[in-house]
Amino acid sequence: MQDARTSPAPLLGIDLGTTNSLVAVWRDGQAQLIPNALGDVLTPSVVSLDDDGSILVGAPARARLTTHPERTVGAFKRFMGSDKKLELGEQSFSPEELSALVLGALKADAEAFLGCPVSEAVISVPAYFSDEQRKRTSFAAELAGLNVQRLINEPTAAAMAYGLHEKKFERTLIFDLGGGTFDVTVLEYALPLIEVHASTGDNFLGGEDFTAALLQACLQDWQLKPSAVAPQTLASLADAIEQLKCKLSEGEQHLSCEVAGETRQWSLDEARALKIWAGLLARIRAPIEQALRDARVSPKDLDSLVLVGGATRMPAVQQMVATLFGRLPYRHLDPDTIVALGAATQAACKARDEAIEELILTDVCPYTLGISAARSEEVSGVFAPIIERNTVIPTSRVKRFSSTHAEQKMIRIEVYQGERPWVRDNIFIDAFDIELTPNGSIQSLDVRFSYDINGLLEVDVTLLDTGKQHSHSIDRSPTGLDQQARQASHARLAGLKIHPRDALPNRTLLARLERAWMQSLGDDRERIGSWLDDFSSALASQQPEQISRQRQRLSEALEQLRF
Ligand code: AMP
């Protein structure tokens, strides 16, 4: 416990992951992970609507993905920035509302651990997250009652933690493959300076895709279509395949699953997995090559190669990286926790902690930002870059444009992000109109893009003839996150009943027992059924000591059965 009266308000470092989220704090001169109500530092990024209508976050929700798939959602970070709604029973939520529930749980864990309220945080985001995805992440934090001091790119956060740990590194490539996103960052340490040279990635590639590919192959082998399998069975099979994937490094794995009254078997070894994943592994190459090209380095110029993110535990990924770079990657620090530790390190820099004050970080904008322009009367929709990818941030760049004809009364500025020559192939960010006063000639205008360290963009337009200026913050989302939508989200979350934190260990064990019962058969199922009875009776007794003893015993018993 920290004495809240003598210490400054703590600033949290949060890794809001696709699969798991973590919270850390800088204390006693180092970054420290904060355990959740179950004593774990990893909180599954899963939300479930319990049978009594309360919201469960983390491990109990994770267990219910299998038993109550229609009331539970995970991996919603994959939809951040989109219009998608996710169903929890009869209620529907946006990805940022669900992220807010995870952030709220982390905040509660931090407050319980530190013994004081916390409201400030540095939150990590994938380097390749778009403007919209960053804004939605900030909004999720706002919904959870957290003020974002900085959004830090995940590989950059990892680089900060490594920089403190390994002072001998110079030119480094950070390979970050998480549950849903992939980032590659090339950077250089000249401590106290950490300079990012290039960052690139794929926002739709991660460990979840490797699990989904295995699930698809398994169903194909069984000649079953996903739609022909009951949702609960499909969720249970996906869970079994996820576990099988994580154990593949131990050798060939087997699973059996009861589908439509028939017990089916499936086996997987590394060689078959490599074949199933060939397409996904190929997708990993392009961002690596681009990051190296943009940073103007070749693999042999790198002093070290660092793997970050849970999915880099896959031997297939490690082998591919080793072959590509002709060396073994460095992974002394835990790839699951490094980003949160780095975010807390950045938080300490923001809070000007004495132990760390001198660390200076420069980051880049990972994608090109520009506007739609016309090359001639006939050719329009050309992408005119203003900030090129991998420009050091914060940055402010200006480019001159002109009206297309003398009578023009309005110019529409359409902002895009991407690397393709035509705007139709890039990501639309925002659009706004600038009024012109026709004066019988073509008018010139300067368009200035200012991109800050959080990855947020502002556009200023100056009409050269009149000197008139227009300023435009890109805060109106193309998918409709306006003030009304924001207020509705605040109201929706305020109306939710969150499961009490101190009751979570019991609720988690019940959910795990239910899942284990569902996934087992025969003697095991009978044994787990009796454990469910034992634990229900212990809970009914309301004797804290008895409940705690039974919880300990049954948790260990479940682990022995590998549930
Ligand atoms: P992260 O977002 O960094 O927590 O990474 C989560 C991803 O890492 C998930 O897709 C997991 O399936 C994957 N993962 C974690 N541990 C392992 C493992 N031992 N083998 C393979 N994949 C793993």
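**Notes on the predicted model**

1. Let me start with charge: the protein chain carries 58 positive and 76 negative side chains, and the centres of the two sets lie 2 Å apart. Here Lys and Arg are positive, Asp and Glu negative, with His and the chain ends not counted; each charge is placed at NZ of Lys, CZ of Arg, CG of Asp or CD of Glu.

2. A word on the basis: this is a predicted model, where local features need pLDDT of at least 70 and side-chain atom pairs pLDDT 80 or more, while totals for chains, interfaces and linings use all residues. Residues are numbered from 1 along each chain as its sequence is written, and side-chain values use heavy atoms, without hydrogens and water.

3. On overall form, the C-alpha trace of the protein chain spans about 90 × 60 × 50 Å along its principal axes. Among contacts (heavy atoms within 4.5 Å) with a separation of 6 or more, 66% join residues 24 or more positions apart.

4. As for burial, 53% of the 563 residues count as buried (under 20% relative accessible area; exposed is over 50%, partly exposed in between; 1.4 Å probe, protein chains only).

5. Finally, the cysteines: the structure holds zero disulfides (pairs of cysteine sulfur atoms within 2.5 Å). C257 is in none, as the nearest cysteine sulfur, that of C218, is 7.6 Å away. C257 is buried, with a relative accessible area of 9%. The sulfur of C246 lies 16 Å from its closest cysteine sulfur, in C218, too far for a bond; C246 counts as exposed, at 52% relative accessibility.
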